[in-house]
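The sequence and the model come first.

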Amino acid sequence: MSLSLVSNAHLDESSAKIRSKPVPWEGYQRAELVTSEELALIKKVDRQPRAKVESIHLSDGQTYALLYLRLLKKLQRVDTMQCLLVLIADALLDHDERIPLFARAAQSDPDLPYTPLIRTLEAQDDFVQLKSAQILTVLLSSESTPLQHQHLQPFLKVLSSLVQSQSQNKRDVAVQCLESLLARPECRRAVWAIPGILAGFVEILLHKPGPQMSYQVIFCIWLLSFEQDVAEQINKKYDIIPLLITVAQAAVKEKVIRVIIATFSNLITKAPSENLPAMLVAQLLPFSKNLSTRKWSDEDIVEDVQYVRDELERNFESLTTYDEYLSELASGHLSWTPVHESDAFWRENASRLNDRDYEQLKTLIRLLGSNDKVVLAVAVHDLGQYVKHYERGKKIIADLGGKARAMELMTHPDPDVRYRALLSVQELVSHPWSAV
């Protein structure tokens with residue numbers, strides 16, 4: 001894996017400045033922090049022309065890989081760590097064959113190469129933190145055996161904080177690091193166990209980043225979707241399906257749409273029952289029909305769009321109206337679809353909300369706490385329809401807290417929510433309780 005796969009203009013600019021900064025190597029030797037042999041070696045490459053340093057790395061690469069890591073392990077001044085990280089990165093840039101030189105440092109010291117790099121992740125200096133993340137990604141991604149927990153876990157925790165940062169540079173580097181690491185199954189499972197990373201991805205997409213960042217974040221989600229647990233739970237936990245559809249509808253770059261449709265294809269293949277209903281509620285079927293009429297340069301898009309469309313159509317044909325209602329309820333995205341205002345639907349299905357210990361009714365009442373005014377209006381309307389067609393439901397709703405919440409919504413700022421709540425409360429109080 002090439003160092004250039006994690007690239008950032010801010011890191012490049014800072015690296016150029018750091019290359020010309022003096023480091024007090026002689027002072028370290030006088031303080032007995034650096035040996036005379038280490039001093040002689042580091043002076044040969046410190047602030048030297050790139051061609052000269054390259055020549056030294058070519059003839060004595062293993063010695064210098066070990067030197068940089070040993071010095072990084074014992075020297076903790078920020079300017080020194082900056083210099084050593086730039087020297088390591090420069091040695092690796094465009095030279096993937098040198099990655100094993102750093103990995104082999106473990107033969108001389110079991111703490112190397114990872115312990116000093118993981119420690120520098122905790123530095124208060126942004127450059128040190130991001131540069132070490134870049135180097136760690138290269139080394140970890142190149143390992144031929146599964147990554148050890150003590151190396152991976154602290155790194156992912158730092159990436160979780162970076163991906164949620166307000167700093168664009170931190171988010172950019174973190175997403176690129178994750179993009180490389182998530183190719184490995186053990187990394188996918190470890191990332192899924194850290195909720196902050198997925199929450200960070202969602203937050204980035206909600207803020208409508210540029211096409212490249214959108215692509216990289218969704219590429220990470222696509223890689224995660226190869227894991228069965230992720231495919232089964234990601235939409236329930238993060239409401240990812242409607243978000244990805246929104247991103248795809250606004251996308252101008254083909255590659256963004258390609259990776260979104262590939263993600264949907266994975267979610268359907270791995271966990272159809274968990275994802276198809278939510279896709280239908282989010283109107284992916286008409287969108288996939290629209291996509292299938294477009295001209296694409298990538299054949300993979302054509303195949304994935306056709307697969308997604310075929311699966312959605314097959315599922316849609318087998319759905320009853322009550323199945324559609326349950327899918328909408330489960331998604332949390334209630335809208336004014338025809339079933340809500342159909343007396344025939346409620347006459348036939350109101351009592352079915354009581355199934356499995358009132359599971360669907362409890363979901364409906366939970367939605368009365370939504371921040372979305374359309375969801376609130378539809379949910380409180382449905383509560384009134386339930387009571388209208390199932391008289392004995394009044395006490396159940398009162399016991400579950402639905403009546404009190406419906407009454408609160410009568411003073412909601414939105415006029416439609418107030419109106420629907422008023423009608424619903426009228427249904428809740430209009431008949432004598434003796435009927436229960």
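## A loop residue: Thr-35

Thr-35 sits in the loop that joins helix H2 (25-30) to helix H3 (36-45). Helices here are DSSP runs of H or I with at least four residues, strands are E runs of at least two, and both are numbered from the N terminus. The side chain of Thr-35 comes to 3.0 Å from the backbone nitrogen of Glu-38. Such a polar contact is a pair of N or O atoms within 3.5 Å; within protein, one atom must be able to donate a hydrogen and the other to accept it, and residues adjacent in sequence count only if both atoms are side-chain atoms.

With a relative accessible area of 35%, Thr-35 is partly exposed. Buried means under 20% relative accessible area, exposed over 50%, and partly exposed in between, using a 1.4 Å probe and protein chains only.

## Basis of the values

This is a predicted model, in which local features need pLDDT of at least 70 and side-chain atom pairs count only at pLDDT 80 or more, while totals for chains, interfaces and linings use all residues. Residues are numbered from 1 along each chain as its sequence is written, and side-chain values use heavy atoms, with hydrogens and water left out.

Lys-170 belongs to helix H10 (residues 168-181) and Asp-126 to helix H8 (residues 126-141), so the pair ties together parts that are 44 residues apart in sequence.

Lys-170 is buried, at 17% relative accessible area, whereas Asp-126 is partly exposed at 38%.

## Further salt bridges

Asp-416 and Arg-420 form a salt bridge at 3.4 Å, N to O. Both residues lie in helix H26 (residues 415-429), four residues apart, or about one turn of the helix. Asp-416 is partly exposed, with 30% relative accessibility, and Arg-420 is buried, with a relative accessible area of 16%. Elsewhere, salt bridges with shared partners join Arg-50, Glu-54 and Arg-98 into one network.

Lys-362 and Asp-357 also meet through their side chains in a salt bridge, at 3.2 Å from N to O. Here Lys-362 is partly exposed at 31% relative accessibility, and Asp-357 is exposed at 54%.

Key
Salt bridge = Lys/Arg side-chain N within 4 Å of Asp/Glu carboxyl O.
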